[in-house]
Amino acid sequence: FNKDGLTYGEVFLENERQQSEANFHGYDVDGLKRRFEDMVAEVSRLLAMTGPQGQPLVLPAYDQVLKASHLFNLMDARGAIAVAERQSYIGRIRELCKACALAYVEQERKTA
């Protein structure tokens, strides 16, 4: 891992063990679903706001999209999302990404 002979495992193995346990057994699925819904609402709320120069808050909104995507991945790893639900979640994340991208393009168009 580094020039002193420290291995990747010595640095990250315990973290990986604990994160794996949390991902597959620890996280509360209902809590993950609530937080996913919170992130979805937050994206819309942030995109409706404007910054000090009147720009939409695209980057903070996109940060929430990434968090929603991560929550989806945690739920999916737990097997908490049915096959039929999976496409719905992916579609929602895609729509959030699209909303951020459109707002970003519009913001860039106005500043060009």
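1. Packing of α2 on α4. In this predicted model, α2 and α4 pack at an angle of about 20°. Their axes are 10 Å apart. That angle makes α2 roughly parallel to α4, the cut-off being under 35 degrees. The crossing of the two helices is left-handed.

2. Residues between α2 and α4. From α2, the contact takes in K33, F36, E37, V40, V43 and L47. From α4 come E85, Y89, R92, I93, L96, A99, C100 and A103. By class, the contact of α2 with α4 has 10 nonpolar and 4 charged residues, and no polar ones.

3. Packing of α3 on α4. Helix α3 spans residues 58-77 and helix α4 residues 83-111. They pack at about 165°, with axes 10 Å apart. The pair is therefore roughly antiparallel, since the angle is over 145 degrees. Here too there is a left-handed crossing, with α3 passing α4.

4. Residues between α3 and α4. On the α3 side are V58, A61, Y62, V65, A68, S69, F72, M75 and D76. They meet R86, Y89, I90, I93, L96, C97, C100, A103, Y104 and Q107 of α4. Sorted by class, this contact has 15 nonpolar, 2 polar and 2 charged residues.

5. The nonpolar core. Which residues touch the most other members of the largest nonpolar core? They are F36, V43, L47, M75 and C100, out of 24 residues in that core. The elements giving two or more residues to this core are α2 (29-48), α3 and α4. As a general point, nonpolar side chains in soluble globular proteins tend to be buried together.

6. F36. Residues up to four places away in sequence are not counted here.

7. Q64. Leaving out residues up to four places away in sequence, Q64 touches M39, E42, V43 and L46. Of these, V43 is also among the core residues that touch the most other members.

8. Q107. This residue lies in helix α4. Its C-alpha atom is separated by 9.4 Å from that of G54. Setting aside neighbours within four places in sequence, Q107 is in contact with Q55, P56 and V58. V58 is one of the α3 residues in the contact with α4.

Key: Residues numbered from 1 in each chain as written. Predicted model: local features only at pLDDT ≥ 70, side-chain atom pairs only at ≥ 80, totals over all residues. Heavy atoms only, no water. Axes fitted to C-alpha atoms, helices over the stretch in contact; angles between N-to-C directions. Helix = DSSP H or I, 4+ residues; strand = E, 2+ residues; numbered from the N terminus. Parallel < 35°, antiparallel > 145°, perpendicular 65-115°, else oblique. Left-handed = near helix turned anticlockwise from the far one by under 90°. Contact = heavy atoms within 4.5 Å. Nonpolar A, V, L, I, M, F, W, Y, C, P; charged D, E, K, R; others polar. Core = buried A, V, L, I, M, F, W, Y, C linked by side-chain atoms within 4.5 Å. Buried < 20%, exposed > 50% of the residue type's maximum accessible area, 1.4 Å probe, protein only.
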